[in-house]
Amino acid sequence: MCLFQKHMYRHKKIQQNFNRGNFMNADINWLDDPEVFRVNQLPAHSDHEFYVNMEEMKTGNNSLAQSLNGIWQFWYSENAMSRPVDFFRTDYDASDYDEISVPCHIEIAGYDKIHYINTMYPWEGHIYRRPAYSLDNSDAGKGMFSEAGYNPVGSYRKQFDLEEGLLGKRVHICFEGVEQAMYVWLNGFFVGYAEDSFTPSEFDLTPWLREKGNLLAVEVHKRSTAAFLEDQDFFRFFGIFRNVTLYAKPGMHVEDLWAKPKLHPDGSGSLSAELKISMEQGMSGRMELSLEDQEGKQLLGHEIPIPDDSSYTGSYAMEKQDLGPVIPWDIFQPHLYSLYIRLYDAEGQLVEVVSYRIGFCRVEIVDKVIRLNGKRLILNGVNRHEWSAEHGRCIGREEMEEDMQIILRNHINAVRTCHYPDQVPWYRLCDETGVCLMAEANLETHGSWQKMGEVEPSWNVPGSLPQWKEAVLDRIRTNFELFKNHPSVLFWSLGNESYAGDVLEAANAWLKAKDDSRLVHYEGVFRNRSYEDTISDVESRMYAPPADIRAYLEHDPKKPFILCEYMHDMGNSLGGMDSYMKLLEEYEMYQGGFIWDFIDQALLVKDGVTGRMVLRYGGDFDDRPSDYAFSGDGIIFADRTEKPAMQEVRYYYGKYR
Amino acid sequence: MENTDRKSDRQDLLQIVYGDVTLGVHGNCEGEEFHYLFSYAAGGMESLVSGGMEWMYRPPRPCFWRAATDNDRGNGFTLKSGMWLAADQFIRCAKIDIFVDGEKIPFPSAPENNRYTDQEAASELEIVYTYETITVPSTQVEVSYKMNSHGAIQVKAHYYGKEGLPELPVFGMRFLMPTCADGFVYEGLSGETYPDRKAGGSHGVHEVQGLPVTPYLVPQECGMHMDTSWVEVRRSRTLDNRSVSRQKASLRFQAEEDSPFAFSCLPYTASELENAFHQEELPLPRRTVLCICGAVRGVGGIDSWGADVEPAYHIDAGQDIVYGFHVIPCRDR
């Protein structure tokens, strides 16, 4: 453990330099260094929305938000060495730049090759790589990504004027998803660096921002050391693929909200909360918390003074408040309560309002059985990738809503966000519909230990490598901080198929120490039993035949059993589901699973021969090596029509509720 | 037509033409003519005319193959049972037996058939084709067509089990119709079902427009309907150059009582599906391929890279498979 501290130091040093006002320059070598993964990024926080007043909250017209989605200037380079290094400068001549839509994948825009591959790292057979520090490699990965012949770079430029609601306020920028490593500049000044493609990366722009004529420059690299941690079985894309938004903070602002609703065994509820409030210099006032039920009846009103102590950010807590009987949030019975936080300045003027729909539920393991609100939980689940045949992982509200309708009409009650955090609205949809979530962090490293079906972890990351620990913990923390208020999240999942070692043990411990209201899931410990007592609250497997499940449950099982992936629905499949469903009757400790998976990942392209729009898969883009049609495992086709097997899912998931 | 001089007072009997190369069977049912030709040369039923249109493009054959599913490829089923792909493509007709009113007759090729006239009739006729597979070891399939005077054909297929042969993906009879059907109606389970994936199917009469191919990313076995008591195929297009106006006709395949069959009705054969990487590579739909199956292997689902289909849903090639159904010409709709 003390080894880890030494390595934590390096990450902190870079950050501290920044905090001291030493506006550093971007360093291309960060791509090669697993210990550098966020520079000057704002801390991860809850995904609450905030408004200047109730009217804007009700209409959703948020004058504090300014979308930067749209057409940006763009330059594509084959590698970092040939990228336009000075493109972020305000006097740079970008007149020959192309235009690209934000958000979108750079490959789908036609610049880089589309590539689908499963477990193998995408450079398999093209570039020999071992993760820094994984073997006794003394060069520690120097130049592995920054000097690679093929490691494309997208250089994005966007000019913007501030909208009225943002003028004179503190402003930060939120990139909801950028694959895979990103450097940001504003008006020629370096702002920061981020990895972790699937969670928001936020930076404070206030010091460099002008009213008009701002130049935002973003340099996106296809691969960095993050590539070793993001080896998901999917099309390998890069670029700004989710929304980019500017947010202005009112004079007082809720930076973070952790509402902790509790459902007690007697049916009563209580609520406590932790908040972080940031303020402009000289501000003070009070915070008012209130809780309303669905009829608008106030169940709680609580005030906390906010003194002017000149600190930028203060922490506040609301101690446990008893609420009497509450209606629980439950599967398909998603009862929600509205929590309002209003910030008033010293004159009593409303400065900011936040609302969050929270729910009261209790997930726990009693006698080795997972219980939700006291009842045995049955997971009739599915793994869901965010996918659109037209736009890849760049999806909108429409796709999410359609997915949810499909999920509900087929009695699917649980979704695992495989194998990365989804867009925020998805979690809200699940809160509102009573679909429970296994919220998985952005981690998958199967190429580092699973070789042609065999377990061979000689260069596994993160394993027990101290140099990789912070990058992984950061992903775990961000996933938690972002989604901690969602009643639908019953499980935190550490990631997928990343073997097991000290790093994931530390991740498990961090979550357990932080959040006692949810369970921690991780399957990979099955591959390395020496960690089974310190990783994962549940025995989780994937694709175990029914006989193996029976064998586990018949031999003094330690933990409740779930299948984080089962019923591999590739092509014409999903036969034999009955044998799994029957286990629910036989064993209380068998608690269901998540079908692999929700939607076929294939891309709609124009066929050169027939001129028809057709669906293409791995290997159809001259991409090699490939795993071909292996991403076509959905219970719906890539165009979102249901596969014939869906009636089987609907039948069994309806029967075993 | 060739049988205009058939005796009108024998409408309750089948009119039989003892040709040199084919056995012709003619009659009418409630005023509707039917005409069947059983070929000696082609080794099967070469023609079935009912509702005024031809229903056979090539003689029906036993089918032994399904286009490999992703799971079939993943678990090595194709490597173990690939022999049946060839057996499905090529088969030898080894023997033909004919029974008239229950009596086996000497095979009526020339000159044996010179003893017949243009006035031959019977109340029941059965023709049995015996096929030999090209598998190693080889085995036999007997397909019998037994007709009554109403023109209903009772088909019986008997697969002779043989030790040493790999598991079968399917066993059935494949009918190739000259044009694409407009659609089909059946009584059985909704949707696409397999022995290990049919609990969700609801029983009833289901109508399907056209000949949909399930658009799996890689074309593969699809469109099976388990537990069917009958299926009626509807067509309005023919290849007959005389056809001026479109006429609709249908042909019904009826299960034996208490022995439902499985069927698929697609525009493609197993080998056509097998040979495409993508849906758009499939040939333009031209024909109807109806498989009436007596045994279907499950599709599996535990995983797609090795897990076998559960044992209960295998087809043991060492065991006999016997099943039957009726082909019933229907009146025009």
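A salt bridge here is a side-chain nitrogen of Lys or Arg within 4 Å of a carboxyl oxygen of Asp or Glu. The views come from a predicted model, in which local features need pLDDT of at least 70, side-chain atom pairs count only at pLDDT 80 or more, and totals for chains, interfaces and linings use all residues. Residues are numbered from 1 along each chain as its sequence is written, chains are lettered from A and ligands numbered from 1 in the order in which they are written, and side-chain values use heavy atoms, with hydrogens and water left out.

**View 1. The interface of chain A with chain B.** Contact means heavy atoms within 4.5 Å. By that test, 36 residues of chain A meet 33 residues of chain B. The two chains bury about 2,700 Å² between them, 56% of it on carbon and sulfur atoms. On the chain A side, N572(A), Y617(A) and Q647(A) lose the most area to chain B, together 26% of what that side buries. Buried area is the accessible area (1.4 Å probe) that two parts lose on being put together, summed over both.

View 2. R616(A) pairs with E280(B), their closest N and O atoms 2.6 Å apart.

**View 3. Elements on the chain A side.** Strands β37 (561-568) and β40 (613-616) and helices α9 (577-586) and α10 (646-655) of chain A each give two or more residues to the side that touches chain B. Helices (H or I, at least four residues) and strands (E, at least two) are DSSP runs, numbered from the N terminus. The largest share, four residues, comes from α10(A).

View 4. D196(A) sits in the loop between β11 (189-194) and β12 (201-204) of chain A. D196(A) is buried yet has no salt bridge. Buried means under 20% relative accessible area, exposed over 50%, partly exposed in between (1.4 Å probe, protein chains only). The nearest side chain of opposite charge, R475(A), is 4.1 Å away. The D196(A) side chain makes a polar contact of 2.9 Å with that of T199(A), and another of 2.9 Å with that of N442(A).

**View 5. Two buried salt bridges in chain A.** K222(A) pairs with D112(A), with 2.6 Å between the closest N and O atoms. K222(A) lies in the loop between β13 (214-221) and α3 (226-229), and D112(A) in the loop between β5 (98-102) and β6 (116-117), 110 residues apart. K222(A) and D112(A) are both buried. K484(A) forms a salt bridge with D256(A), at 2.7 Å between the closest N and O atoms. This pair too links distant parts of the chain, 228 residues apart. Both K484(A) and D256(A) are buried.

View 6. D86(A) and R89(A) meet in a salt bridge (3.4 Å, N to O). D86(A) is partly exposed at 35% relative accessible area, and R89(A) is partly exposed at 40%. Elsewhere, R529(A), E532(A), D533(A), E539(A), R541(A) and K558(A) are linked in a network of salt bridges.

Definitions and conventions:
Lys and Arg count as positive and Asp and Glu as negative; His and the chain ends are not counted. A polar contact is a pair of N or O atoms within 3.5 Å; within protein, one must be able to donate a hydrogen and the other to accept it, and residues adjacent in sequence count only if both atoms are side-chain atoms.
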